[in-house]
Amino acid sequence: MRPTSPRRPALNTGALIVFVLSVFPVYWMILTAFKPAAEIHTGSPALLPTSLTLDNFANALRADGFWSFWRNSLAVTAGSVLLALLVATGAAFAVARLRWKGRRGFVLMVFIAQVAPWEALLIPMYIIARDADMLDSLTTLTLVYFMITLPFTVVTLRSFLAAIPVELEEAAQVDGCTRAAAFRRVTFPLLAPGLLATSLFGFITAWNEFAFANMLIIKNQDDRTLPVWLSSFSNVFGTDWGATMAASTLFALPVLVLFLVLQRRVSAGMTGGAVKG
């Protein structure tokens, strides 16, 4: 039996501390969402509730604009993710399968765009949208989110495509398929884990994004998204922290459900996409 490394307990303890620090805010949010108002405003809040209530969720669901802003967030997120997948699949195929002048420079620019801080583009994007008369538009917000998620999607799908043997497509072409048909019938189904992994990343990025939504949607408040609405939630409920935490829990729920549904395929996609660069 191999002796236990003396560093193992320290590493496990450190991992446990990081886990607790990461999970505790989420636990406190959900706990507060189920607490009655009397327990929330007590001087010494308990780590475990003595009673539970759904009144906070009822108040959040009845709040003005919740469902319209929820639809706005869903429309913008779904539109940006689908658009990014469509464009990135073609770009990843061109980079991974074709040889053309400037390919290395293109890949380098995509990597630079991926690591660049998008917050630095807040003011330029606002000026461009203002001068083009594109403020207060969900279409503009969709295009911005598409721009943010596209580099990561291209890089991930490129790596995943590179890990799929090109001989599979060549064999399909020998059997009579065109290059496009070989990609559609042979390679594209094998890309499913990678597509799910990148779509989940894009969904989380667009669903949680606040800065661009807050800056580009100014006058038409009906086109706000849920993160912006949550920032002014205290104006709706005053000091009703229970309803605020309930709304935050409902906001985080779609991402959690999507991740649990796609967990296995997402893990396979991330692993497969890291096989070959």
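## The largest pocket

The largest pocket holds about 370 Å³ of space. Of its 16 lining residues, M29, S248, T249, F251 and A252 are the closest to the centre. A pocket here is an open set of points on a 1 Å grid over the protein atoms alone, with protein on both sides within 12 Å along at least five of seven lines; lining residues have an atom within 4 Å of a point. Volume is the space filled by probe spheres set on the points, which are joined across faces, edges and corners.

This is a predicted model: local features need pLDDT of at least 70, side-chain atom pairs count only at pLDDT 80 or more, and totals for chains, interfaces and linings use all residues. Residues are numbered from 1 along each chain as its sequence is written, and side-chain values use heavy atoms, leaving out hydrogens and water.

Helices α1 (7-34), α10, α12 (226-231) and α14 (241-273) each supply at least two residues of the pocket lining. Helices are DSSP runs (H or I, at least four residues), numbered from the N terminus. α14 gives the most, with eight residues. By class, the pocket lining has 11 nonpolar, five polar and no charged residues. Ala, Val, Leu, Ile, Met, Phe, Trp, Tyr, Cys and Pro count as nonpolar, Asp, Glu, Lys and Arg as charged, and the others, Gly among them, as polar.

## The cavity

The structure holds one cavity of 30 Å³ or more. A cavity is a set of points where a 1.4 Å probe fits but cannot get out. About 40 Å³ of space lies in the largest cavity. V95, F106, V107, V110, F111, V154, V155 and R158 line it.

α5 (103-115) and α7 each give two or more residues to this lining. α5 gives the most, with four. The cavity lining has seven nonpolar, no polar and one charged residue.

## Helices α7 and α10

α7 (residues 138-162) packs on α10 (residues 192-208) at about 160°, with axes 10 Å apart. Axes are lines fitted to C-alpha atoms over the stretch in contact, and angles run from 0 to 180 degrees between N-to-C directions. The two helices are therefore roughly antiparallel (angles over 145 degrees).

In α7, Y145, I148, T149, F152, T153, T156, L157 and F160 meet P193, G194, L195, T198, F201, G202, T205 and A206 of α10. Contact means heavy atoms within 4.5 Å. This contact has nine nonpolar, seven polar and no charged residues.

Terms used: Angles under 35 degrees count as roughly parallel, over 145 as roughly antiparallel, 65 to 115 as roughly perpendicular and the rest as oblique.
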